[in-house]
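Please look over the sequence and the structure before reading on.

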Amino acid sequence: MALLGGPAAGALAAAAPSVFWLDRADRPAPRPRLDDGGQDGRADVTADLVVVGGGYTGLWTALLAKEADPARDVLLLEAGRIGWAASGRNGGFCSASLTHGEANGRERWPAEYEQLHRLGLANLDAIESTVQRHGIECDFRRTGELTVATAPHQVEWLREEVGSGGATRFLDRDAIRAELDSPTYLAGVHSPDETAMVDPARLAWGLAAAAESLGVRIVEGTKVTGLQRDGAGMRLRTEQGPDVRAARVALGTNAFPSLVRRTRLHTVPVYDYVLMTEPLSDQQLASIGWRSRAGVGDMANQFHYYRLTDDNRVLWGGYDAIYHLGRRVRPSRDQRPQTFERLAAHFFETFPQLEGLRFTHRWGGAIDTCTRFCAFYGSAFDGRVAYALGYTGLGVGASRFGAAVTLDLLDGADTERTRLQMVREKPLPFPPEPLAYAGIQLTRWSLARADENAGRRNAWLRTLDRLGLGFDS
Ligand SMILES: Cc1cc2nc3c(=O)[nH]c(=O)nc-3n(C[C@H](O)[C@H](O)[C@H](O)COP(=O)(O)OP(=O)(O)OC[C@H]3O[C@@H](n4cnc5c(N)ncnc54)[C@H](O)[C@@H]3O)c2cc1C
């Protein structure tokens, strides 16, 4: 696809460098920090369970812990604001997949894939029922997902996907364009059951309110800087506040440096970028169709994902997946003009009918990529600390499952989840720098070449495939 020019020129001019989902009047006021009177002054604070991280993983952990045992005293510590990181800035595709898609799951865990699929659907159903039970207004809609082919070799891939079963329906060029009209589409597949669209920030805010309604204490602006054993429990150091003592600690820290050092090489922060348009008029929406309102993704290695919001804006993201040398998460990396220009150009190539539409917001965020593309789980400090990390761009739904596994591990419980090979195995780590950077750049380059070369994978990608390693977003 061409970079810039045409209708894209100017469409970005007034786009604010901020996150549409978070930049809203109904964003909850910041909760107090641990050190400014919200808790017990500077004396040690105690809890049965401390959850570190106020994204979906941490919020689900707190909520599920309290639902399972209302007497458990649960305290959640968030360094920034609830949902400010990946959980409040994602595409809002809430997928049933626990394995970053069926192909990845079947490839890695063929013997237990059907079980993983069933557990994933049950997880999505449980998210839906929680949203209803707690009245969380996050525009949860089980629209399903459309996967589109924009190059001839992808049409064959789509046919194979439908052949592998499920409730998916193959749509030829006319059928897909009758659903959503782009001159770039050659075919598509609609999977109706396994994805819901959500308003991501409102889901995070709603989960926090639900957890608080059950008695969870939440503090914001409180960064945990270290963990150490303390008697039979753990002591957590905080940057400015008092220490916290807890019997058990759950970590939902995603792409940020893990408090369990040995997991640090297992993930890299990869930056993913998004544009949001102004609301489409009824006429503009009619010009492209999209009656199902399903989330859409294309089949390239460097893929785009897009969806409608409740007020008929289009969120348009993906394609570039940027890794910076050194594994660091930095706010300055949330903006990348060359990626926004590329995304804008691709948008108007996909939907030329929307010429004249403008973008109102542009942002990016860090994804915790691991070499198996889906979360891994573990515990440390003799089972007093547990974590779920490495969702690699598909954690909106899977984070609830990650939270449930984290609690199983902390409780020392033998469950269907903890018996899974997927839960018991860890991915291979990335190498240290600068090898990680060099390897990822080579992999990105190779993936882009494969997209241009009818999907054919070069020797480097084939080697990674054989080793079960990779890079994705
Ligand atoms: C641009 C973008 C688009 C995406 N689109 C999708 C999508 O459409 N569908 C999908 O399924 N997934 C998507 N994802 C991925 C998804 O958002 C994440 O997998 C998911 O939000 C992870 O949730 P989390 O709670 O683990 O992490 P986060 O939401 O990142 O939360 C981690 C929290 O931990 C806090 N924290 C970290 N360290 C400390 C510490 N030491 N002390 C205290 N607090 C700490 C951080 O401040 C942060 O709030 C996307 C991600 C991005 C960035």
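How much space lies in the second largest cavity? The answer is about 40 Å³. The model is a predicted one, in which local features need pLDDT of at least 70 and side-chain atom pairs count only at pLDDT 80 or more, while totals for chains, interfaces and linings use all residues. Residues are numbered from 1 along each chain as its sequence is written, and side-chain values use heavy atoms, with hydrogens and water left out.

## Cavities

Rolling a probe the size of a water molecule over the atoms shows where empty space is left. Here a cavity is a set of points, on a 1 Å grid over the protein atoms alone, where a 1.4 Å probe fits but cannot get out; lining residues have an atom within 4 Å of a point. Grid points are joined across faces, edges and corners, and a volume is the space filled by probe spheres set on the points. Four cavities of 30 Å³ or more are present in the structure.

The largest cavity holds about 50 Å³ of space. Its lining consists of Arg33, Leu34, Asp35, Gly221, Thr222, Lys223, Thr238, Glu239, Gln240 and Gly241. By class, this lining has one nonpolar, five polar and four charged residues (Ala, Val, Leu, Ile, Met, Phe, Trp, Tyr, Cys and Pro count as nonpolar, Asp, Glu, Lys and Arg as charged, and the others, Gly among them, as polar). The second largest cavity is lined by Asp139, Arg141, Thr143, Met197, Arg293, Arg307, Leu308 and Thr309. Of these lining residues, two are nonpolar, two polar and four charged.

## The ligand and its surroundings

The ligand has 36 residues around it, of which Thr57, Glu78, Ser87, Phe93 and Val396 come nearest (a residue is near if one of its heavy atoms lies within 4 Å). This shell is made up of 17 nonpolar, 15 polar and four charged residues. At least two shell residues come from each of α1 (56–68), β12 (268–277) and β16 (359–369), where helices (H or I, at least four residues) and strands (E, at least two) are DSSP runs numbered from the N terminus. Strand β16 gives the most, with three residues.

Polar contacts are pairs of N or O atoms within 3.5 Å; within protein, one must be able to donate a hydrogen and the other to accept it, and residues adjacent in sequence count only if both atoms are side-chain atoms. A polar side-chain atom of Glu78 lies 2.6 Å from an oxygen atom of the ligand. Backbone atoms also take part: a polar one of Gly395 is 3.0 Å from a ligand oxygen, and an N or O atom of Gly92 is 3.3 Å from a ligand oxygen. Taken alone the ligand exposes 1000 Å², and the protein buries 97% of that (areas by the Shrake-Rupley method with a 1.4 Å probe).

## Backbone features in loops

Arg327 lies in the loop between β15 (314–322) and α8 (337–350). Although Arg327 is not a glycine, its phi is positive, at about 65°. Arg327 counts as buried because its relative accessibility is 18% (buried means under 20% relative accessible area, exposed over 50%, partly exposed in between, with a 1.4 Å probe and protein chains only).

Phe381, in the loop between β17 (376–380) and β18 (385–389), also has a positive phi, near 50°. With a relative accessible area of 23%, Phe381 is partly exposed. A cis peptide bond, with omega about 0°, joins Glu433 and Pro434. Pro434 is in the loop between α10 (421–424) and α11 (435–452).

Technical notes
1 Å grid on protein atoms, 1.4 Å probe; cavity = no way out; pocket = protein on both sides within 12 Å on 5 of 7 lines; lining within 4 Å.
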